[in-house]
Structure formats: structure tokens, C-alpha cells
Amino acid sequence: MRFLLWLFAIIAAFLLLRSLLEPVVKAVVALLSPAAERPAQSVPPPRSAELKKDPVCGAFVSPEIAVTQKFGNEIVHFCSQKCRDEYARTARA
Ligand SMILES: [Zn+2]
């Protein structure tokens with residue numbers, strides 16, 4: 001029966017050691033994980049999907065810098081005022 005007693009003592013010691021180590025492991029993971037996430041958060045989201053096509057010259061322009069004009073219910077994006085004037089001229093004609 002001494003063997004079973006030893007086995008029980010070893011298991012109890014293992015469980016105690018694990019419960020003592022668990023907060024330490026969690027603290028280490030918490031310290032390491034924000035550092036690992038930081039580079040991913042600093043990368044801005046891709047904006048290529050937001051590009052609008054200039055119907056006059058065919059150039060793709062970002063809506064943030066594009067010259068916009070509303071024709072009916074549609075907002076049209078242009079690379080320059082020259083293209084916008086050209087589109088307005090041909091749209092009226
Ligand atoms: Zn253009």
C-alpha cells in the first residue's frame with residue numbers, strides 16, 4: 001500500500017505545482033501576447049477595394065482625393081476637374 005500512497009502524494013504534488021504555476025504562465029502569456037499583436041494593429045487596412053474608376057480617362061482614383069460630381073442618383077468620381085468637366089459636357093450633349 002506504500003506504493004499507492006506515494007502515487008497519491010506525487011499526483012497531489014503535481015496538481016499543487018500546476019495550480020501554483022498557472023497564474024505565472026498566464027501572466028507570462030499576457031505579457032507576451034500584446035507585443036505580438038501590436039505590429040498587426042499598426043498596419044492600416046487595404047484601401048485598394050475602395051478605388052473608383054474615372055469614366056473619362058479610365059484612371060482609378062481614391063474617393064478621398066477624387067473630384068466628385070453627382071449625376072442623378074449616382075456620385076461619379078474623377079481624377080481631375082478637367083475630366084469632370086469633360087464628363088458633364090458629354091453627359092449633357
Ligand atoms: Zn481622369
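Reader: Which element has the lowest mean pLDDT, and which the highest?
Author: This is a predicted model. Helix α1, residues 2-42, has the lowest mean pLDDT of the elements, at 82. Strand β2, residues 60-61, has the highest, at 95.

Reader: What does the protein chain average?
Author: The average pLDDT is 85. At least 70 is reached by 81% of the residues.

Reader: OK, new topic. How many helices and strands are there?
Author: Two helices and four strands. Along the sequence the pattern is α-β-β-β-β-α.

Reader: How much of the protein chain counts as buried?
Author: Of its 93 residues, 8%.

Reader: Which residues make up the largest nonpolar core?
Author: Five residues: Ala66, Val76, Phe78, Cys79 and Cys83. In soluble globular proteins, nonpolar side chains tend to be buried together.

Reader: Take Phe78. What is it in contact with, leaving aside neighbours within four places in sequence?
Author: Phe78 is in contact with Asp54, Val56, Ala66, Val67, Gln69, Cys83, Arg84 and Tyr87. Two of those names, Ala66 and Cys83, are also in the core.

Reader: Now strand β3. How many of its residues are buried?
Author: Zero of five. The strand covers residues 67-71.

Reader: How does β3 pair with β4?
Author: In the antiparallel sense, over five bridges. Strand β4 is residues 74-78. Thr68 stands opposite His77, and Lys70 has Ile75 as its bridge partner.

Reader: What sits between the two strands of that hairpin?
Author: Two residues. Gly72 takes a positive phi near 70° in this hairpin.

Reader: Back to β3. Why does Phe71 count as exposed?
Author: Phe71 is in that strand. It counts as exposed because it has 11 C-beta neighbours inside 10 Å. The cut-off for exposed is 12 or fewer.

Reader: What does Phe71 touch, then, not counting residues up to four places away in sequence?
Author: Val76 and Ala91. Val76 is one of the core residues.

Reader: And how far is Phe71 from Ala88?
Author: Their C-alpha atoms are separated by 8.6 Å. Along the chain, the two are 17 residues apart.

Methods
Residues are numbered from 1 along each chain as its sequence is written. This is a predicted model: local features need pLDDT of at least 70, side-chain atom pairs count only at pLDDT 80 or more; totals for chains, interfaces and linings use all residues. A residue is buried if 20 or more other C-beta atoms lie within 10 Å of its own, exposed if 12 or fewer, and partly exposed in between; C-beta atoms are placed from the backbone. Two strands pair if DSSP finds at least two bridges between them. A nonpolar core is a set of buried Ala, Val, Leu, Ile, Met, Phe, Trp, Tyr and Cys residues joined through C-beta atoms within 7 Å. Two residues are in contact if their C-beta atoms, placed from the backbone, lie within 7 Å. pLDDT is the predictor's confidence in each residue, from 0 to 100.
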